Amino acid sequence: MNTFTNRIVLVSGAAQGIGRVVAQTYAARGASVIAVDLASIALDQVTAIQADLRDPQAIESLFAEVQAQYGRLDILINNAGISRWKSPYELTVEEWDEVLNLNLRGSFLCAREAAKLMKAGGGGKIVNMSSTRALMSEPNTEAYAASKGGLLALTHALAVSLGPDQIQVNAISPGWIETKDYSQLRAEDHAQHPSGRVGRPEDIANACLYLTDPANDFITGVNLVIDGGMTRKMIYLE
C-alpha cells in the first residue's frame, strides 16, 4: 500500500540536487508535492512555486498560498540552503547573514508556518536537512557549520514544543552525497567510506520517507546521520 497517497508534502530547495530527488520520490509515491525554490523548477507531477526563503514575508505568503490551495499540510522537508566556503578572516557580515537567514532562520519560519497548518489538521511531520558539518568540519566553513549546527538544536527544540500537537520533528545529516555525475567518482572516493560507496540523493530521499511514514509517530527529535559511516571512522596520518 502506498502510504503517501493523498499526503500534502512541501519540499524546499527542490530545483536541483537532493531536494529535487526528494520531491520526485514523494510524487512517485502518490503524494501531492509542492516544490519550492528561488530558481525555476522543471519537474513533472509537482506544483512548483518560486520563493525567496531568506525573506520572512515571502515565507508567510508561501504558506498562505498552500493553505488556500490545499487547506492543509502533512509533511515539510526543510531542504533549502546555501554555503559559503570562505576564510573566517574574510567572511563578511553580509555573507554570514545570507547563509544564516536562509539555512537557519528560513527553516525555522517555514517550520513555524507549516506547524500552524499541521496543528489545525491534526498533526504532521517536519524534516530539517542538516549536515555532517554540524558535527565535524573542514576549514573555512564557519557560516555553513553554524547554520547546520543550529538546525540540530532547532530540531530537538521544535520536537518538544510541537509534540503536544502531534507534530514530529527530525533532522537528517547527509555526508558526501554526489548530486552530479556519479560515474566520474574515483575508486578511492568510494573506498574511503565504510559503506564502500559515496552516497546518492536517493539515500536521503529514502530516509525522508522513513521519518515521515505515518506509522513512525514514535520518532521525534532525532538526527539521522547518513554518511556511509564516515563520521564513525578514525582518520590518522600514517
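Guide: In this predicted model, a residue counts as buried when its relative accessible area is under 20% and as exposed when that area is over 50%.

Visitor: Is C110 buried or exposed?
Guide: The cut-off for a buried residue is a relative accessible area under 20%. The relative accessibility of C110 is 1%, so C110 counts as buried.

Visitor: How many disulfides does a search of the whole structure find?
Guide: A disulfide is a covalent bond between the sulfur atoms of two cysteines, and here the pair must have its sulfur atoms within 2.5 Å. The cysteine sulfur nearest to that of C110 belongs to C208, and C110 is in no disulfide. Because the sulfur of C208 is 15 Å from that closest cysteine sulfur, the two are too far apart for a bond. For the whole structure, the number of disulfides found is 0.

Visitor: Which residues does C208 touch, leaving out those up to four places away in sequence?
Guide: C208 has 0% relative accessibility and therefore counts as buried. It is also one of the residues with the most contacts inside the largest nonpolar core, which has 31 residues. With residues up to four places away in sequence left out, the residues that C208 touches are V22, Y26, I77, V127, M129 and I172.

Visitor: How is the packing of α3 against α4 described, as roughly parallel or as oblique?
Guide: Helix α3 (residues 93-121) and α4 pack with their axes 9 Å apart, at an angle of about 15 degrees. Their contact is made by residues including W96, F108 and A115 of α3, and Y144, L151 and L162 of α4. With the cut-off for this class at angles under 35 degrees, α3 is therefore, relative to α4, roughly parallel.

Visitor: Is S130 buried or exposed?
Guide: S130 has its place in the loop between β5 and α4 (142-162). Residues up to four places away in sequence aside, S130 touches K148, L151, L152, I172, S173 and P174. Because its relative accessibility is 3%, S130 counts as buried.

Visitor: Is Q45 buried or exposed?
Guide: Q45 lies in the loop between β2 and β3 (46-50), and its phi is near 65 degrees, a positive value in a residue other than glycine. Since its relative accessible area is 67%, Q45 is exposed.

Visitor: What is the phi of N6, roughly, in degrees?
Guide: N6 is placed in the segment before β1, where, at 55% relative accessibility, N6 counts as exposed. Although N6 is not a glycine, its phi is positive, at about 70 degrees.

Definitions and conventions
Residues are numbered from 1 along each chain as its sequence is written. This is a predicted model: local features need pLDDT of at least 70, side-chain atom pairs count only at pLDDT 80 or more; totals for chains, interfaces and linings use all residues. Side-chain values use heavy atoms; hydrogens and water are left out. A nonpolar core is a set of buried Ala, Val, Leu, Ile, Met, Phe, Trp, Tyr and Cys residues joined through side-chain atoms within 4.5 Å. Buried means under 20% relative accessible area, exposed over 50%, partly exposed in between (1.4 Å probe, protein chains only). Contact means heavy atoms within 4.5 Å. Helices (H or I, at least four residues) and strands (E, at least two) are DSSP runs, numbered from the N terminus. Axes are lines fitted to C-alpha atoms, for helices over the stretch in contact, and angles run from 0 to 180 degrees between N-to-C directions. Angles under 35 degrees count as roughly parallel, over 145 as roughly antiparallel, 65 to 115 as roughly perpendicular and the rest as oblique.
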